[in-house]
Structure formats: C-alpha cells, structure tokens
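Hi everyone, thanks for coming.

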Amino acid sequence: MSENQLPRLPLRFLRWFCKDELIDEIEGDLSEAYHQRRIQNSAKAKISFYKEVLLSFNKRNIGMMEKYKETSLGLSWSMLAQYGKILVRTIRKSKVYSSISIVSLTLSLTCAGLIYLYLNKELTYDQVYDDADNIYRISHLSNNSGRSYAFAPVGLVPHLIETMEAVEDGTRLFKYRRAIPMTLTATKQSFNEARVGWVDPGFFDLFNLKILYGSAEDLKRPYTIMLNESTSQKYFAGKNPIGQTITFNGEYEATLEVIGVFEDFPSNTSFQLDLLSNIETCYKTMWAGGWMTDWQNMFTSAYVKIKPGKSEEVLKVAQEAVSNNYAPDRPKLWETSLQKLTNLHLSEPKDIGEWSSHNDIETIVLFSAIGLIILSLGCFNFINMVTAQAGQRAKEVGVRKVLGSNKKHIAQQTLFETVSFVLISGMLSWGLMYALLPRLGALTSHSYYLNDLANAYFVIGFILSLIIVALLAGAYPALHISRINSLHLMKKNHTAVGGAKVRNTLVTAQFTITSGLVICTLMVFLQMKYIQNRDLGFDDSTIVTMPIHNDEAVIPKINAFRNELLSVSGIDNVTAASHEMLSDYTYITNFIIQGFEEQKKWERYTVEQDYLKAFDLEVIAGRGFDRSIPTDSNAFVLNESAVSALNLTPQQALNLTITDQGLNYTGKIIGVVKDFHFRSLHHDIQPFVMYVNWDRLDYISVNLSSNDFARNIEHLEEKWYQTFGEKAPFFYQFLDQQTSDLYLKEDNESLLFSSFSLLSVILGVLGLFGSALFITERRYKEIGLRKVLGANTLQLILMINSIFIRMIGLAFLIASPLSFLLMNHWLKEFAYHIEQPIWVYAATAVTTYFIASVTVSHISWKAATSNPIEAIKVE
Amino acid sequence: MYKIGSLEEIVMLLAAVLKDDAYAVSIANEYTERTKNEISIPAIHTVLKRLEDKGLLKSHESAPTKERGGRKKRIYGITNAGYQVIHELRHQREALWTLVPKMNLE
C-alpha cells in the first residue's frame, strides 16, 4: 500500500497545517484507519478521511504559523547581517550588472511614476467639487451652422432655478475672450487680466472652493469682485483686501469693490479663473446690449446642479424654454443639451466659446501604454541582470548547499538581494520624481505638490508595484537556483542556469519598443517642423496685432492712428479686422449668392480695405479692396475654397451679388484670393469671406518691415497713447507667438515623446550591454580556444555581434509596421500632415544597428583581444 | 483527585488493556468493538492528549510501519497516577453497587 492511494488534497492540507511534532502520529493514524476502512467501503473511507482531517484541524494541532515564523521568515538578525554582507560583496564584485539593474529600474520607475501622476490629474479633472457628478453644462447645437456652442441664453438659468425643484442651483458664467486692463485704486498699479469670469453668487454652491476672506453672498450686489488667493497676493501682498477697489478700463469700464478671496482653482479644473465678478453687472450695464432680451443674449455658459436622475426632465424644460423664447418663429433653431461637467475635459469635443483645456482619451491611453512599456523595459533589464548575476553565482550556491544551506536558505538569500536592489531603486526613483515635479508641471500644465507623492494611495501603489517587480524579477532566480543539484552546480561551468531564451526574448522585445519609439518620435518631430514651417499664405513673423479695447474711443480714430504710424519708417501697413488671424474663434454666418438658391454657411471677417495688402494675400482674380474706390466700402472678397464650393472659376465669381444674412449687408464680389490659413493647421481651409465694414473692428494689425522690432514696438506704443489716450491701454502680440501657442500641446507632446524614446534607448542600450557582457563571459573559454585554434579577432567579434544583430533585425521588423499604423492614425489628426517618409525607418534601422553594434563590439572586442591563455586557464 | 469523564475512563481502560499496542487506531477499533459505537480518530487523539497533559497517560514513539505511510506510531501507556484514578473510580462504583437493593422482579 502506498500513500498515493490517500486522497491528496486533505493530505496536503494536513501536512501544511499540522505541527511538525504531531504529524507522524496524526497522519499515521489517519492513514492507517483509512486503509482499514477501505477494505470494507472505499468511498466511505474517503469521506471519513476528509472528515477526520478537518476534525484534526483544531487548535491543538495547528502549527503552520510557527512553521512559517521559523523557516520562511525566520530571518534572525545574524542571518540578515550575513545576507547584507554578501549583498555588498555582490555589488562590489559585479559593479556593472548591479548598476545596470539599479539604474534601469530607477529610470523606468521614475518615468512610469511621473506618467501616473499626470494621468491621475487628467482623469480626476473637475472632480474636486463635492457634487461634481450632479453638475451639468447646458450647451446648444445650432441647426443653422451645425456647430455646438457652450452658451445658453442668460435668462435660462434663473428660469430653471425658479421653476424646477430638480435644479438645486445654477450659475451663468461669462468670460471675455480678451484680457481686461485694470488699475488698483489704492496703488495705481495696472494689470492686464485675461482670466476674469462673470458669475452668479450660486457659482460657489456648485464649485465649492474655500472662501478665505469675505462671503460669496456679497457677490449678489452689483459692482463687486472676488479675487483668488494668488491674485490677492499679487495685488495686496496677502493682506485682507476686502473693501479695496479695482477699476476696469476699456470696454468694461467700471469700479468694483473687492468683497472676498477664494482659493485658487486646482490645476485640474476647467475654470482657471483669477477674478470673479457679478454677471448681472456685466451684461446689464456694460454690454453694448439693450438691444437683446434675456433670451436672445446667448454669450454666456450655464451650469446647473441637478438632483440625481432628474436630468432628462430638466433638459426637456430647458429645450422648451429656449424654443419658445429665443426666436419663437424658429423654434427648431437651437438644440439644447446637458453635458456632465466631469466629462467635459476628456469625453466631449470642444464647443464654440469654450476656453478651458481639452484632452482626449486616446492621449490618456497612449500615455498609459508608454508608462507601462517603459516600466517593463526597466523590469526586463532588471530581470536580465538579476538572472545573469544569479548564473554567475552558481558556484557559490553550490558551495553553500554542500556546506548545509537548504533550499529555503538559498531562495531566501537570493530574494533578499533582489528585494534590496528593488528597494534601493525605489528610494532613488522616489527622490528623482520629487526633484522632477516642477519640470513635469511645466510640461503638462498642472501643479504637483509633495502631497501627490506622499499620499497614502500613491505610496501604497508604489510599494505594491515594487513588490510586484521584486517578485517578478526575484522569483525566477530564487526558485531556479535553489533547486539545482549542488554537485551539478559545482561540476559544470554553470551552463545549467538556463534562461538564455528568456533573455534573448527580452532583449528583442526591448529593441522592438526602442525602435518603435524612435520612429514615432522622429515622425512627431517632423510633423511639428512641417506645421511650424508651413506656408500659411502670409508671413506671420512680421505682423503685430493689438486688441481694440474701447470701441468708441478707438474706432473713429483708427485713420488718424494709421496715418501717424505710416510716417514711421519700418511700418508698412496698418489695418484692422473683426477677428485675430489664426485664432480658433471664428464666426460662421449665412450668405446668399446671386444665382444660388441654397444659403452658404461660411466663415467671415469684416476688414478694412488694407487688410489684403497688410497680410500680403495673393489675389488670383479681380482685385483687392481699394481705399480710393468709394464702392469698395461694401465690396466682398472670397477665397478660392469658397469659389470652388460654388463650382465656379475665380473669374466667374466676380461681380456676383452676395448678402451676409446675419448683418443684412449686400455687396459685389470684387476679387478672389488664394487660400490661406486663417485657422490653425488642425483645420482644413474652409470657404471664407471678407468684406469691408468699419463697425465691427476688434483688432488692429501692423505689418513691420524692418528688423528692429523693439524700436517699432516703442513707436507703436507712443503713437497709440498719443492718438487714443490713457483710456485705451496698449497691448500687442506678434502673430507668430500666437501661432506657436496654438501648437503648445503638440510641442509638449513632442518633447515628452523625445524624452520617452531617449529613455527607452538608454534602457535598451543598458540591457544590450549587460546581455552582451553576460554572453561573452559565459563563452570566455570558448573564445580563448577558438583563438588558439586560429580564429582572428574580427571573426570572433562578428561571431558575438551576429547573435545580437539578428535579434535587433527581428525587433525592427516587428516594430516598423506597428509604428507605421500608429503614426498614420496620429497624423490624421492634422488637416495638413506629412506623408511618412521611408528614410525615417531606414534611419532608425541604421541608428539602432549602429548603437547596438558599438555597444556589443566594445565587449566582444575586449573578449576577442584578451590573452587566450587567461581564458583557457579559467577553471 | 482528577475528575475525568466516562469517555476518558474508557480510553484509559483500553490503553491499560492493549498495553504495548495501545495507539489511537487500535484504541478506536477496540472501543467500537466493545461499545458498538463509532468514534473518530481525531476524537481519540483529543482524549489521549488531554489525558497525557493531566499526567494520567504517558507515551513513546515506536517504529514506523508500511500501512502508516512510513509514519511512526505513538504508543500510550497508563501512569501510576492514571492507574490510581481508574482504580479509585472502580471502588467508588463497586461501593455504590453494594448499596443498590436487590431488584424485586415482582
């Protein structure tokens, strides 16, 4: 009778839990009884055995805790001290392996950690508020232009709060798209503030930021303003500012009383506002208004807090109110929708009139993938080096075993070393992350604090990932080495420590990732270069734009200003228009063209006659506007795309009558210009109309010809104040500055990509270096023998290199189609993008090949030129 | 004077009877044969350990056997103290029996 006949499961359980001193008696008795019973009824005997094992699982017999305490974790101090000593010796003995593993793990942990911090900010966007999940924005889709606007009539929110119980609170929010100049009454200091919001007092009920001074209730009074902490610090040096007054200049001329201070908006929220003022003050007293009712005034966004589950109901009421009140004769004009606040940043496309930053899920996924990839690259190196190192120590382990160490001790000691390495890397990378926080902040436009690294979640997560890495990297050598027969270890030249396949796979995987990232980085870089150097249709580097802040004070004097400026040498053209060239804020309106039934929804600027000349836009048919021809005061110029949208040649379009329905303004088409980019290169060139209309001018643009920009700006400022006086403060921006702001996100992405791929190249090279070193060391004797038998240095180098070159070739073959697909997808985001050039792939292949062979050759050369006697002598 | 239960008393008696072959399995078998009641090995183990803790039984290991999967036996024997306890119990009972009036079957 053998014990095989005993039910295995309960037997294993018994052996596991039972105290060592009792196992003989209990197992013996139970199995004897089992065999006796089996003779009568084998099934019953089995059941009894299960039952009796369970009955034996009692306090008297259980001893696995003690076993555990005594053996696995039975690390006495003296043992630990000894392990520590061996650890120091190991590090000293194999400095290269040790530093490769620690550096790789530190770098990749740091990178993955930083990516995690960034993603965490992005994924918790707008979630800081208590009721964030119940807050909605009311948006409107125009059935006229087909675009969605982040606006709602100003009457809507008060109407909903008043009539619906489901709407707990709400606020309107208006932000002017240009900065507002302002002066502090007390100190006469002037500032130009872009982040000014006009809101209802209910704002703080929805977005519950801490109020540091004063009370949001006071915002009910007209002509009041609240500052955020940093602005208050900037204006009043941290003193309680309540009761101070601030004067807004320009269009929003008013004196406002400071009634409170609120904490800064966290960096991962949509409203990055510094000043908040009463919205009724704004739209009742300051807007050109009076000509619109509350329901037609649709330039503010609306936010409401809705009781859970009631949003459908609210949407219905809101839609009804808008349909009935905005334009009762066109009830289908606006389609109302509710958008969850927490979805705005990542899931919703950017609406017209929205200024907060948007990101997309794809970027998040991409970054997570890169984080994981980099982390695994580091772990690959770590595992590679630890196993390589373990192989080196096979002999040591053999001696230990012979001297009486058991399996557990060996496993323990190996694991101890792995854990120490992981711990060292963990601490280094934590420090490195802390040091890099400000850099990360600059790249991702978030603020990071020590708390982001020191909070419980992060620390626990970080430690957990360290444990996982330690187990992944440590388990293999710990288990493998401890099991190998000791004689085997001592006798043979430790070839028994396998894992060559694993190691080769890891190196190949690493190089796949590395070459993939290099290809992607080059593509991103080329695309960015392409965008920034693309011909916009005009030269953006010589144009300065100045916002007009006080229409009444400025517009009548524009001609005088122009004449003043034109007398200055170096200033070529002065013109004005309703919009700022290249800004994403455009205006779509309906046009009726003679001979076409269908209305056209096209974008338009109203301009002055010199606009085409100032921007040097090329006229391909007819002529540009001319100040000396009186009829040009209502003449139209179209772009090429508009003409081809009508299926006309530029010549055919001339002299057709065209009407802007919005302003009810009619004139003749006098010219067609070549397509140029009036929006960022993310967008296609759409049909575009320009016509002369002096009523609506918002920006003055000046074309400078001389290179002495600083002197020219001085002239501009001087003439500005001479002409318009102090009421209209002077601000300016170079157009190319504006252009580069448009691509800030891509620029940062490109920078991040470069850092990632540099990092992956470093990790790849480190890994390759380690593996090459390991292989040559293992084949040291073979190399010596080959040399003695007549192989020359070159042959030997080639022999070793070829192992790696094959791996790198394979890696490239896997990486290139994958990166091709990925980049194709990314490039599609741009209306104007490069075709992926083949040379990028070739260059990557050559570069990785070059780097790899330099890395490997360094080692193989050393091996191949060493004295063969030394090699053969090695025992 | 120890107080012991009736199962403990029987196990002690069986250990005394079986002498050099007194271990959990043999005791359980003997118990079943004499009392016609089933008993599990762990129950016997518990009683044996308890009695050993009280000093009424002593034990030693004996050679492993094949049917035990190479595990050693633990043989139990009664100590002097144990003998006195069951002996005392027997006297008490016999004294009580003498006091029981002859049953009148009528």
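Let me start with a question: what percentage of the 106 residues of chain B count as buried? It's 28%. Before I go on, please keep in mind that this is a predicted model.

Okay, let's stay with chain B for a bit. Chain B is built from 4 helices and 2 strands. If you follow the sequence along, the elements come in the order α-α-α-β-β-α. As for its dimensions, the C-alpha trace of chain B spans about 60 × 30 × 20 Å along its principal axes. Chain B has a radius of gyration of 16 Å, whereas a compact globule of 106 residues would be near 13 Å. And if you take the contacts in chain B with a separation of 6 or more, 46% of them are between residues 24 or more positions apart.

Now look at two of the helices in there. Helix α1 of chain B, residues 6–18, and helix α3 of chain B, residues 41–54, have axes that come within 10 Å and cross at roughly 85°. With that angle, α1(B) is roughly perpendicular to α3(B). Who makes the contact? From α1(B) we have Leu7(B), Glu8(B), Val11(B) and Met12(B), and from α3(B) we have Ile44(B), Val47(B), Leu48(B) and Leu51(B). Sorted by class, that contact of α1(B) with α3(B) has 7 nonpolar residues, 1 charged residue and no polar ones.

Chain A is more spread out than a compact globule, because its radius of gyration is 37 Å, well over the 29 Å that the globule rule gives for 875 residues. The box around the C-alpha atoms of chain A, along the principal axes, is roughly 115 × 75 × 60 Å. Of the 875 residues in chain A, 39% are buried. And for contacts in chain A between residues at least 6 apart in sequence, 81% link residues at least 24 apart.

So how do the two chains meet? On the chain A side, 17 residues are in contact with 18 residues of chain B. Two helices of chain A, α2 (20–40) and α3 (42–56), each supply at least two residues to the side that touches chain B. Which one gives the most? That's α2(A), with 11 residues. By class, this side of chain A has 8 charged, 5 nonpolar and 4 polar residues.

Let me zoom in on some strands of chain A. Over in β20(A), the bridge partner of Phe591(A) is Asp660(A).

Speaking of phi, here's some background. Most residues other than glycine have a negative phi. With that in mind, have a look at Asp616(A), which isn't a glycine and has a positive phi, near 55°. Asp616(A) sits in the loop between α22 (611–614) and β18 (619–622) of chain A. Is Asp616(A) buried, exposed or partly exposed? It counts as partly exposed, because it has 15 C-beta neighbours inside 10 Å.

Then there's Asn647(A), also not a glycine, with a positive phi of about 60°. Asn647(A) is in the loop between α23 (640–645) and α24 (650–653) of chain A. Asn647(A) has 8 other C-beta atoms within 10 Å, so it is exposed.

Last stop: Phe367(A), in helix α13 of chain A, residues 361–392. Phe367(A) is buried, because 20 other C-beta atoms lie within 10 Å. Which residues is Phe367(A) in contact with, leaving aside its neighbours within four places in sequence? Those are Ile115(A), Tyr118(A) and Leu119(A). And one distance to finish: Phe367(A) and Leu766(A) are 399 residues apart in sequence, and C-alpha to C-alpha they are 23 Å apart in space.

Terms used:
Residues numbered from 1 in each chain as written. Chains lettered and ligands numbered in written order. Predicted model: local features only at pLDDT ≥ 70, side-chain atom pairs only at ≥ 80, totals over all residues. Axes fitted to C-alpha atoms, helices over the stretch in contact; angles between N-to-C directions. Parallel < 35°, antiparallel > 145°, perpendicular 65-115°, else oblique. Contact = placed C-beta atoms within 7 Å. Nonpolar A, V, L, I, M, F, W, Y, C, P; charged D, E, K, R; others polar. Pairing = 2+ DSSP bridges. Rg over C-alpha atoms; globule rule 2.2 N^0.38 Å. Buried ≥ 20, exposed ≤ 12 C-beta atoms within 10 Å, placed from the backbone.
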